[in-house]
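This briefing walks through a single protein chain for someone meeting it here. Please keep the sequence and the model open beside the text while reading.

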Amino acid sequence: MGKHRTNTGLDAGPHIEGLTHMIEPEDCEFHDRDPDDWTWTETTALIFSVPEAGILGNAYVLARPNLGVALSSVALGQGICRQAGELDFNDCQIHLPCPESFTDYSLANGLSVKVSNAPRDYHFRYDHVLGHCSFDLHFEALHHPFDMHDPTQNALLSAADSTATPDTKGDGWATGHFEVKGHITGSLELRGKQYDVDCYEGMDHSWGPRRDVGTWAVSWISVNFGPELAMHLAVDMAIEDGNVHYRDLRFGYVTENGETRSLVFAEVEAVRVDMITVSNRIKVRDVEGKEWEFRGSAVAGHPWHSFNPRDVCYQSLHRYEYDGRVGYGEMGDIFGLDYLSEHMSRHGRKR
């Protein structure tokens, strides 16, 4: 196993192994844990795109090392895909053998991941067993990974975010987590068609106890103009009277010309079709008082049902213009399926 590190920030509440403040190279690896905790989970997620072709792609791994199993989902869609069957490629496999290491491994579904210059850079390779999709992608970080549990990085840090609590809702907020923006380059073959990949997007790694109950809703929003300006934000969502509303900023950061700062405010609106966002407006402010406002229009979007059986991610790739530049970013509205049932089904009690 990896190292033993605990949260040493706030004194309130219980602590768990693996919750850290400063992200270090060993945080890319599996963390020390209670070997009897079957809920212990570690994930890696890479979002990538070919904006000029309207392609949005994902490579996701969820590992439960104490159970010896892993889930991996690779999904790509071109343009607006209103139904899951319209995605151009979807390969989700569960109960794969869990790798011994989380920094250099190959899964039985054809996905390989290798870390270099830890904790910054990654190499993702994939070859579908039937040859329907393959890619070879290098992720080079623009900055040191952002730790939502680090009070020196996250100005919105609360006791709920910085101290581990029992994961009764499956939302993962109590777990360790880092986000990082990067330059993604390489090649993609999708059902016989070849594409060059050259985009800016984000990836993350999370770890800790997770029950995957699915009673949560959060929007995962990315805006990327390259090394000069990129940002990530996680915003709470609520469904009221059948409509989706964006609430408080849970955490976020901006990296601008080599400097990374916490976001402290976000205001989000979106227009959607079949729950997929087709346009949005995002206004944010960082810890130094600097503000940005973006308006995006979707060039791709789809319901990603397969990254975790508990959730659906209504995911879009939005195009933005700012200060004479064009940027792109993934917007993923993630709903636990139990949350949707509670708010939208015939038996739902919060309709």
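This is a predicted model: local features need pLDDT of at least 70, side-chain atom pairs count only at pLDDT 80 or more; totals for chains, interfaces and linings use all residues.

In the hairpin formed by β12 and β13, where 5 residues lie between the strands, G226 adopts a positive phi near 105 degrees. Residues are numbered from 1 along each chain as its sequence is written, and side-chain values use heavy atoms, with hydrogens and water left out.

**The chain as a whole**

- The chain contains 2 helices and 19 strands, and 58% of its 351 residues count as buried, a label that means under 20% relative accessible area, with exposed meaning over 50% and partly exposed the range in between (1.4 Å probe, protein chains only).
- The mean pLDDT, which is the predictor's confidence in each residue on a scale from 0 to 100, is 90 for the chain, and 89% of the residues reach 70 or more.
- Over residues 1–20 the pLDDT is below 50, and in the model this stretch has 69 contacts beyond near neighbours in sequence, where a contact means heavy atoms within 4.5 Å.
- Among the contacts in the chain with a separation of 6 or more, 58% are between residues 24 or more positions apart.

**The barrel and its strands**

- A barrel is closed by 8 strands in the order β12-β13-β14-β15-β16-β17-β18-β19, with antiparallel pairing.
- From one strand to the next the twist averages 25 degrees, with axes taken as lines fitted to C-alpha atoms (for helices over the stretch in contact) and angles running from 0 to 180 degrees between N-to-C directions.
- Helix α2 (residues 337–344) packs on the sheet and touches β12, β13, β18 and β19, while its direction makes about 70 degrees with that of β19.
- Strand β13 (residues 230–240) is mostly covered, since 9 of its 11 residues are buried.
- On one side, β13 is joined by 7 bridges to the antiparallel strand β12 (residues 217–224), and within this pairing W220 stands opposite A234.
- β13 also pairs with strand β14 (residues 243–256) in the antiparallel sense over 10 bridges, and here L249 is the bridge partner of V235.
- The hairpin of β13 and β14 has 2 residues between the strands, and in it D241 takes a positive phi near 55 degrees.
- Strand β18 (residues 311–322) and strand β19 (residues 325–336) are paired in the antiparallel sense over 12 bridges, with Y322 standing opposite R325 in β19.

**Backbone details elsewhere**

- A cis peptide bond, with omega of about 5 degrees, joins A118 and P119, and P119 is found in the loop between β6 (111–116) and β7 (121–127).
- H95, which is placed in strand β4 (residues 89–97), has a phi near 60 degrees, a positive value in a residue other than glycine, and H95 counts as exposed because its relative accessible area is 63%.
- D212, in the loop between β11 (193–209) and β12, likewise has a positive phi near 60 degrees, but D212 is buried because its relative accessible area is 18%.

- D150 is found in the loop between β9 (146–147) and α1 (159–162), and at 4% relative accessibility D150 counts as buried.
- The side chain of D150 makes a polar contact of 2.9 Å with the side chain of Q153, a polar contact being a pair of N or O atoms within 3.5 Å, of which, within protein, one must be able to donate a hydrogen and the other to accept it, and residues adjacent in sequence count only if both atoms are side-chain atoms.
- E189 is found in strand β10 (residues 176–190) and is partly exposed, with a relative accessible area of 26%.
- Leaving aside residues up to four places away in sequence, E189 touches H132, C133, S134 and Q194, and the side chains of E189 and Q194 make a polar contact of 2.9 Å.
- The C-alpha atoms of E189 and F135 are separated by 6.2 Å, although these residues are 54 residues apart along the chain.

How values were computed
Helices (H or I, at least four residues) and strands (E, at least two) are DSSP runs, numbered from the N terminus. Two strands pair if DSSP finds at least two bridges between them.
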